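Thanks for coming, everyone. Let me put the structure on the screen, and then we can walk through it.

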Amino acid sequence: MLVGVPKEIKVHEYRVGLTPEAVREFVAAGNHVIVETGAGAGINATDAAYEAAGAKIVPNADEVFAKAEMVVKVKEPQPSEWIKLRENQILFTYLHLAPDPEQAKGLLASGVTAVAYETVVGPDGVSLPLLAPMSEVAGRLAVEAAGSALQRHSGGRGMLLGGVPGVLPAKVLVLGGGVVGTHAARMAAGVGAEVTILDRSLPRLRQLDELFQGRAKTRFASTTAIEEEVQTADVVIGAVLVPGASAPKLVTKAMLKTMKQGAVMVDVAIDQGGCFETSHATTHAAPTYIVDGIVHYCVANMPGAVPYTSSHALNNATLPYGLALAAGGIKGIVKHPGLLSGLNIHRGQLTHPAVAESLKLELKPAVAALAA
């Protein structure tokens, strides 16, 4: 298969769909790879490095989209990219369609077959292996972002997350005990913050208790618990995920009135619409805004700030699935349970139940769509 890698064009997005190491694996498997010039600049991967791995460098994204049978990206295609996609072409990237009806409309109109990293499932039929590495990065970055936003010049309370001898540390509330929440809690506890994790799964809360051994407290995520914990928190990290669907709004605008002035809310779920009622997506160029005295950090591509780490971690996870796509093509998706779950759009039809429900659009089951 001819695989194409365009340069990412989202604001301050420096990751790349395939690293030179991944390109080498695709070429070794019998594929041809074209890479837009400069696509790897954000991770210090030169055109020469891609050529050494077996790729051909092309001068612009137009050529990548025009020639490639499969386009491999990191972030969702931007409006200028939707119109370049076509039928019988595979798009393999993060999509996060649930809160983005315009992108969904563009992809449906293109006729492309779109497989979303965030809904591909692992061999166990439950885990999300292509979302996990970026969730790990985002969870850790969330604490760094919170520490910066807590500083007075950013509008925060002027606190140090870990405090100092004689001065109490910040209270960090983590909503959700999945991959993002666990890594956020680890980072926060590691710098000495007082950490509380809320989740609705008792088995998961038991696992977290064992994992943290008292370095973080756990509490069942009832509405009352959220209201009470938000009031005393200096930092609230939203780390809730419903695969493929819009995130639930756990912190309402009314709750902001009860919070400490200068407290910080980091919404890692913003890709899926956010789990705070007052959230809206921001960029690395202007990452925060203030509502009712509460600092909001809602960058929709947080891992893009550390593209070297993020790109390599992502490629480590996506490689076997990308190779399977390149080997089997569109017809091969139905034979691969993980990729079948990842299929969001095929030839103008929406194929993922959670996405269809969130967008209030008609669902065509993936197997039926591929068989048509």
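What share of the contacts in the protein with a separation of 6 or more comes from residues 24 or more positions apart? The figure is 62%. Keep that number in mind when we get to the charged pairs. One caution before we go on: this is a predicted model.

Overall shape next. The protein has 14 helices and 15 strands. Its radius of gyration is 21 Å, close to the 21 Å that the globule rule gives for 372 residues, so the protein is as compact as a globular protein of that length. Along the principal axes, the C-alpha atoms fill a box of roughly 60 × 45 × 35 Å.

Now burial and surface. Of the 372 residues, 56% are buried. The accessible surface is about 15200 Å². Carbon and sulfur atoms own 56% of that surface.

Pro337 sits in helix H12, which covers residues 337-342. Is Pro337 buried or exposed? Pro337 counts as exposed because its relative accessibility is 62%, and the cut-off for exposed is over 50%. For a sense of distance, take Gly238, which is 99 residues from Pro337 along the chain. Their C-alpha atoms are 30 Å apart.

On to charge. I count 31 positive and 33 negative side chains in the protein. The centres of the two sets lie 2 Å apart. Side chains of opposite charge can pair when their charged atoms come close. How many salt bridges does the structure hold? It holds 17. I will show three of them.

Pair one is Glu87 with Arg347, at 3.7 Å from N to O. This pair links distant parts of the chain, 260 residues apart. Glu87 is in the loop between helix H4 (79-82) and strand S5 (90-93). Arg347 is in the loop between strand S14 (343-346) and strand S15 (349-350). Glu87 counts as partly exposed, at 44% relative accessibility. Arg347 is partly exposed too, at 35%.

Pair two is Asp234 with Arg157, at 3.0 Å from N to O. Here the partners are 77 residues apart, and again distant parts of the chain are linked. Asp234 is in the loop between helix H9 (223-232) and strand S10 (235-238). Arg157 is in the loop between helix H6 (132-149) and strand S7 (171-175). Asp234 has a relative accessible area of 1%, so Asp234 is buried. Arg157 has 33%, so Arg157 is partly exposed. The cut-off for buried is under 20%.

Lys253 is partly exposed, at 38% relative accessibility. Asp292 is partly exposed as well, with a relative accessible area of 28%.

To close, back to the opening number. Residues 24 or more positions apart make up 62% of the contacts with a separation of 6 or more. The Glu87 and Arg347 pair, at 260 residues apart, is one link between distant parts of the chain. Happy to take questions.

Terms used:
Residues are numbered from 1 along each chain as its sequence is written. This is a predicted model: local features need pLDDT of at least 70, side-chain atom pairs count only at pLDDT 80 or more; totals for chains, interfaces and linings use all residues. Side-chain values use heavy atoms; hydrogens and water are left out. Helices (H or I, at least four residues) and strands (E, at least two) are DSSP runs, numbered from the N terminus. The radius of gyration is taken over C-alpha atoms; the globule rule is 2.2 Å times the number of residues to the power 0.38. Buried means under 20% relative accessible area, exposed over 50%, partly exposed in between (1.4 Å probe, protein chains only). Contact means heavy atoms within 4.5 Å. Accessible areas come from the Shrake-Rupley method with a 1.4 Å probe; for residues, only the protein chains shown count as cover. Lys and Arg count as positive and Asp and Glu as negative; His and the chain ends are not counted. The place of a charge is taken as NZ of Lys, CZ of Arg, CG of Asp or CD of Glu. A salt bridge is a side-chain nitrogen of Lys or Arg within 4 Å of a carboxyl oxygen of Asp or Glu.
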